[in-house]
Each structure stands twice: as structure tokens, then as C-alpha cells.
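Hello,

Here is the structure I promised to pass on. Please open it alongside this note; my findings on the aromatic rings follow below.

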Amino acid sequence: MNNSFIPGLQLNGRFYHEIVRSLLDRAFPGLPHSAALIGYGSDVLGYDTTLSADHNWGPRLQIFLAPIDHARYGNEIDQWLRRHLPHTFLGYPVNFGEPQPDDNGVQQVNVNQESGEVQHRLEITTLPTYVGRYLGLDPTAELDALDWLTLSEQRLLEITAGEVYHDGLAELMPLRAKFAYYPHDVWLYRMAAQWVRISQEQAFMGRCGDVGDELGSRLVAARLVRDLMRLAFLLERCYAPYSKWLGTAFVRLPCGPTLAPLLNQVLDSHPWQARQEPLCAAYLILAEMHNALGIAERVEPQITDYFNRPYKVFFADALIAATQRQITDPQLRALPPNVGGVDQWVDSTDVTTEPYLMRKLRNFYS
């Protein structure tokens with residue numbers, strides 16, 4: 001194993017251009033294809049480290065063919081690559097072990113095999129097949145608002161992150177542009193719903209602490225921090241990753257260096273009264289970011305008591321209403337205003353990573 005770590009996106013760019021492309025040109029000259037590293041994995045998001053190399057990491061990428069060419073050449077290309085790929089590239093094994101059926105098909109590199117066929121991790125597929133499996137829809141279909149609400153934010157991030165190394169089919173770049181971010185009205189709808197989530201729990205942090213429930217108060221504070229972070233991604237028009245990379249990605253947002261110290265202070269402070277000040281500061285910053293978007297009339301952000309109780313909150317009702325008034329899509333206007341996308345109210349990984357289940361939840365909005 002190479003002791004000098006090469007990030008996966010860089011490693012696989014070189015793997016494609018120095019090895020894979022020449023093998024394809026040699027055996028299948030002129031065959032149109034596209035090549036990329038997209039989809040799952042810390043390497044796709046650019047967050048991989050040496051620790052990532054223990055499973056499902058290494059020289060790997062997707063090779064996309066036209067459906068007619070895949071039917072004709074797909075298996076032949078796979079066999080050619082098995083026979084002619086090197087067993088290592090830049091010190092990293094190209095050969096992987098068998099998928100482990102009791103561990104979600106995880107594959108570890110095979111560092112011992114130095115001869116024979118290579119069990120590679122080049123996925124030879126078509127764009128319709130890949131997107132159908134990954135997002136649960138036809139990549140060429142026109143999407144309506146409900147389609148967008150039933151797409152996982154993590155999956156949208158993964159399909160638009162990574163790198164395209166070659167787009168000979170002229171399909172990958174248009175696909176990534178199509179899913180680059182939510183349509184305007186869907187964005188507004190999700191932002192309004194995110195503010196509602198925050199508004200519904202603001203006072204609970206203090207109320208729990210007031211009755212001596214410090215654990216409950218900390219739990220609510222942590223939930224508020226998470227929801228504020230996800231709101232920041234919406235305001236910055238960036239897809240938010242799942243929990244493992246949420247903090248890493250958050251601090252890289254333009255607003256991250258300003259907000260991160262406040263949110264860390266919320267989580268570190270005791271008792272509950274000490275958490276109020278940084279929370280309120282974060283509310284005001286995010287409200288001003290919302291105003292700065294110019295998507296609706298300005299709403300002056302103010303921190304007030306929660307009715308006659310000593311809990312400081314930001315009443316976001318006017319900001320939420322102003323945002324909702326800008327939504328013109330009839331499907332969205334017909335929906336309950338405070339629900340948002342599926343992954344704003346479903347927190348199960350087994351649902352949000354399963355396109356079939358996400359698509360079935362479209363019926364929830366009917």
C-alpha cells in the first residue's frame with residue numbers, strides 16, 4: 001500500500017487517463033463512453049483520508065455506455081479489463097475481494113494477489129440504469145415539484161459531486177446541471193419548512209432546563225444546532241451531506257467560520273441560560289442571510305421573550321409567511337406549508353437512501 005495518500009478523486013482521474021482510457025481505446029477504438037467518479041463514498045465528496053482506504057476505496061470509477069453499446073460490449077469490456085488491468089496503480093491495489101453479503105456488499109482491497117484476473121471496481125453501466133437505481137427516476141424525464149421533494153438531499157449531492165473525467169456521450173454534464181440545485185419554488189418551500197422546524201422547538205431548550213432537565217435541554221439545543229446548520233446549507237444553496245460529513249461541509253460554507261463558533265458554544269455551554277445567547281446570535285445571522293437573498297420583503301429580525309416566559313426566541317412567522325407568498329408553483333401552493341421535503345421529516349437512513357421508498361412517499365403529499 002502506498003504510504004503517501006492520494007485523494008480518491010485525484011487517484012481515479014489518473015487511473016482513468018493513464019490506464020483505463022488506453023485499455024478501452026486499444027480494444028474498443030472509437031467506442032463512445034463517459035467516465036466519472038460519482039455516487040457514494042467519502043472520496044466522491046472530497047473528504048477521504050488514509051482511513052478511508054480500508055473498504056470500498058481505491059482505483060474505481062463508473063464507465064457509462066450507450067444502452068445499445070452496453071448490451072453488445074458491456075460484458076466483453078468487463079472481461080478485457082479483468083485480464084489487462086494492472087494489479088496495482090500508484091501503489092494502491094486495483095484488485096478487490098468478493099463483496100461481503102453480511103456487510104452490505106462491502107469490498108476490501110486484496111493486497112496479496114499479484115497475478116491472474118483482476119477483480120476490479122469499474123462499474124460498466126448506462127446512465128438510465130445508474131440514475132434509475134440511484135435516484136429512482138428516468139434521467140431525461142421532466143421533474144415536477146413532488147419529484148424534487150422525494151429526492152434525498154444526500155443522493156442529490158452525491159450525483160452532482162465527484163468528478164467527470166470524460167463525457168464522450170455528452171450526457172453526464174447535462175445531468176449534473178439538471179440536478180445542480182433545487183428549482184426556485186422548491187427551494188423556497190424547503191427554506192420556509194426549515195424555519196418552521198426551528199420555530200417549533202426554540203422555547204423547549206429553556207423550558208427543559210427550567211424544570212431541571214439538563215439532559216433534555218442539551219438534546220433540544222443539539223437538535224436546534226443541527227436544524228440551523230441545515231438551514232445554512234439552504235441559504236447558501238448547497239446540498240447538505242448526511243451526519244458524518246455535515247460538520248465538515250458546514251465549516252466550509254461561506255457562513256461557516258462565523259456560525260461555527262456560536263454553534264460550538266451552544267453545545268459546550270451550561271446551564272441552559274448560557275446557551276441562549278449564542279443561539280440567539282445564530283438566529284439573527286441566519287435571518288439576515290435570508291433577508292439578503294432578496295427573495296421576499298425584508299423582515300426585521302428581533303429576539304424577544306417567548307410570550308411571558310424567560311426564554312429568548314426569534315419569532316420567524318413573518319419571515320416564513322413572506323417566503324411562502326413568493327411560491328407560485330401550484331403543486332407546492334396546494335401542500336401544507338410547513339412540511340418540506342421528505343428528508344426534512346424522515347430521518348431513517350434506510351428510507352432516505354432507498355429511492356423506491358422515497359418515491360412511494362410521493363403519495364404522502366397527495
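Start with Y365. With a relative accessible area of 8%, Y365 is buried. Please keep in mind that this is a predicted model.

Y365 pairs with W345. W345 is partly exposed, at 32% relative accessible area. Where do the two partners lie? W345 is in helix α15 (residues 342–345), and Y365 is in the segment after α17 (355–360). The pair therefore ties together parts that are 20 residues apart in sequence.

How many aromatic pairs are there? The count comes to 22. Another of these is Y306 with F315, and this pair is stacked. Their ring centres are 6.2 Å apart, and the angle between the planes is 15°.

Next, a group of rings. W148, F179, Y181, Y182 and Y239 form one aromatic cluster. Find these five residues in the viewer and show their side chains.

The charged end of R121 is over the ring of F96, at 5.3 Å from the ring centre. R155 lies over the face of Y134, and here the distance to the ring centre is 4.2 Å.

Best wishes

Conventions:
Residues numbered from 1 in each chain as written. Predicted model: local features only at pLDDT ≥ 70, side-chain atom pairs only at ≥ 80, totals over all residues. Heavy atoms only, no water. Phe/Tyr/Trp six-rings, centres within 6.5 Å; stacked < 30°, edge-to-face > 60°. Helix = DSSP H or I, 4+ residues; strand = E, 2+ residues; numbered from the N terminus. Buried < 20%, exposed > 50% of the residue type's maximum accessible area, 1.4 Å probe, protein only. Lys NZ or Arg CZ within 6 Å of the ring centre and 35° of its normal.
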